[in-house]
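Morning, everyone. Let's take a quick walk through one protein model. Have the picture up while I talk.

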Amino acid sequence: MQAPLLDHQLHIRAIDTFIDPSRPQKRAIITHGHADHARAGHGAVLATPDTVAIMKARYGEDCADSFQELPFGEPLQIDDVRVTFFPAGHILGSAQVLMEYGGGRVVVTGDYKRGSDRTAQPFELVPCDLLVTEATFGLPVFQHPDPLGEIRRLLLSVENYPERAHVIGCYALGKAQRVISLLREAGYDAPIYLHGAMVRLCALYQERGIALGDLRHSLDVPKGELAGQVVIAPPSAVKDRWSRRLPDPVLAVASGWMSVKQRARQSGVELPLIISDHVDWNELRQTIHETGAGTVWVTHGREDALVYYCRQQGLVAEPLNIQSFDEGGEDED
Ligand SMILES: [Zn+2]
Ligand SMILES: [Zn+2]
């Protein structure tokens with residue numbers, strides 16, 4: 001029943017539409033604005049209003065021939081397929097795609113997380129027959145801690161080293177805004193300084209109603225004045241000369257990968273913060289069970305462990321092996 005609707009390239013055959021295609025297509029559904037999902041050059045794009053705004057901000061107004069905005073929870077009938085978006089909780093506007101066709105329900109999660117995040121619409125569980133789930137952190141070693149606890153470790157360091165600048169490496173779309181929002185939630189209300197690469201997307205989040213407090217461009221103040229301050233920069237800038245010009249910087253990186261201690265050490269990170277915008281191993285398993293899906297397709301990441309787990313549970317499971325990451329060009333975690 002479900003198999004004919006969708007193939008392993010996430011091509012919805014009945015309506016000749018691809019989900020998050022890596023090459024330009026006539027019709028594309030885009031789950032969210034990260035570069036490995038949203039690309040320029042499609043014909044018609046269907047996405048949530050936030051995702052359309054993010055795509056236009058990153059790639060330009062005419063990065064697709066046409067855009068159709070579909071808000072969360074509003075079904076759209078396209079020939080024989082009914083498409084509905086549900087929040088994925090990953091970044092602003094990120095959607096899971098529900099397709100109803102011939103009595104079957106298929107959900108493609110895109111990237112998702114279930115923990116709280118004031119900068120994204122909260123994840124909603126969508127029951128289905130076939131679940132296509134991401135598996136970025138699909139190994140039992142990945143168990144994300146409470147992000148507010150991680151932010152408190154950062155704030156303790158800011159308090160203990162008032163003569164040093166704290167530079168936090170974050171990807172510009174999603175992670176930066178979430179870290180800022182977590183700092184505000186933890187009671188930090190001083191200005192937060194932004195590397196130039198962060199400015200535009202933070203402004204977009206604020207325009208779309210996400211409260212981030214007092215944000216300033218780091219270039220607008222003499223470097224010496226950044227002692228004792230928090231600066232948000234892309235991970236690449238944390239490692240290069242840019243951050244070394246700041247007063248005795250404490251180098252931090254906020255990423256789900258920071259739970260891999262070796263990775264933190266190798267990149268010279270003094271203060272690794274384990275803050276992820278993806279579900280961890282337990283949440284992956286929880287979600288699979290709660291959707292009630294009998295068939296699970298696994299994509300984006302550690303596919304084999306999760307496929308093995310699903311089969312052990314008596315589910316039909318397959319890895320998709322979609323090649324969509326350009327090496328090193330990943331802009332999320
Ligand atoms: Zn993503
Ligand atoms: Zn992704």
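Is Trp-257 buried or exposed? Trp-257 has a relative accessible area of 9%. The cut-off for buried is under 20%, so Trp-257 counts as buried. Keep in mind that this is a predicted model.

Now, aromatic pairs. A search of the whole structure turns up five of them. Take Phe-142 and Trp-257. Their ring centres are 5.6 Å apart, and their planes stand at 90 degrees. Over 60 degrees counts as edge-to-face, so that is what we call this pair.

Where do the two partners sit? Phe-142 is in the loop between strand S10 and helix H2. Trp-257 is in the loop between strand S15 and helix H7. They are 115 residues apart, so to speak, on distant parts of the chain, and the pair links those parts. Phe-142 is buried too, because its relative accessibility is 3%. Arg-263 lies over its face, 4.5 Å from the ring centre.

Next pair: Trp-281 and Tyr-309. Here the centres are 5.9 Å apart and the planes are at 70 degrees, so this pair is edge-to-face. Trp-281 belongs to helix H8, Tyr-309 to helix H9, and 28 residues separate them. Both of these residues are buried.

Stay on H8. Which of its residues are buried? Trp-281, Glu-283, Leu-284, Thr-287, Ile-288 and Thr-291. Look at the spacing. An α-helix has 3.6 residues a turn, so residues three or four places apart point the same way. What do the buried residues of H8 pack against? Their partners are S10, strand S17 and H9.

Now the two ends of H8. At the N-terminal end, Asp-280 is the cap: one of its side-chain oxygens lies 3.2 Å from the backbone nitrogen of Asn-282. Just after the helix comes Gly-292, with a positive phi of about 75 degrees.

Last stop: H2 and helix H3. Their axes come within 10 Å and cross at roughly 75 degrees. That angle makes H2 roughly perpendicular to H3. Which residues meet there? From H2, we have Pro-147, Leu-148, Ile-151, Leu-154 and Leu-155. From H3, we have Arg-178, Val-179, Leu-182, Leu-183 and Glu-185.

One more charge over a ring before I sit down. The charged end of Arg-164 sits over the ring of Tyr-161, 5.3 Å from the centre. Thanks.

Note on methods:
Residues numbered from 1 in each chain as written. Chains lettered and ligands numbered in written order. Predicted model: local features only at pLDDT ≥ 70, side-chain atom pairs only at ≥ 80, totals over all residues. Heavy atoms only, no water. Phe/Tyr/Trp six-rings, centres within 6.5 Å; stacked < 30°, edge-to-face > 60°. Helix = DSSP H or I, 4+ residues; strand = E, 2+ residues; numbered from the N terminus. Buried < 20%, exposed > 50% of the residue type's maximum accessible area, 1.4 Å probe, protein only. Lys NZ or Arg CZ within 6 Å of the ring centre and 35° of its normal. Contact = heavy atoms within 4.5 Å. Polar contact = N/O pair within 3.5 Å; in protein donor to acceptor, adjacent residues only side chain to side chain. Axes fitted to C-alpha atoms, helices over the stretch in contact; angles between N-to-C directions. Parallel < 35°, antiparallel > 145°, perpendicular 65-115°, else oblique.
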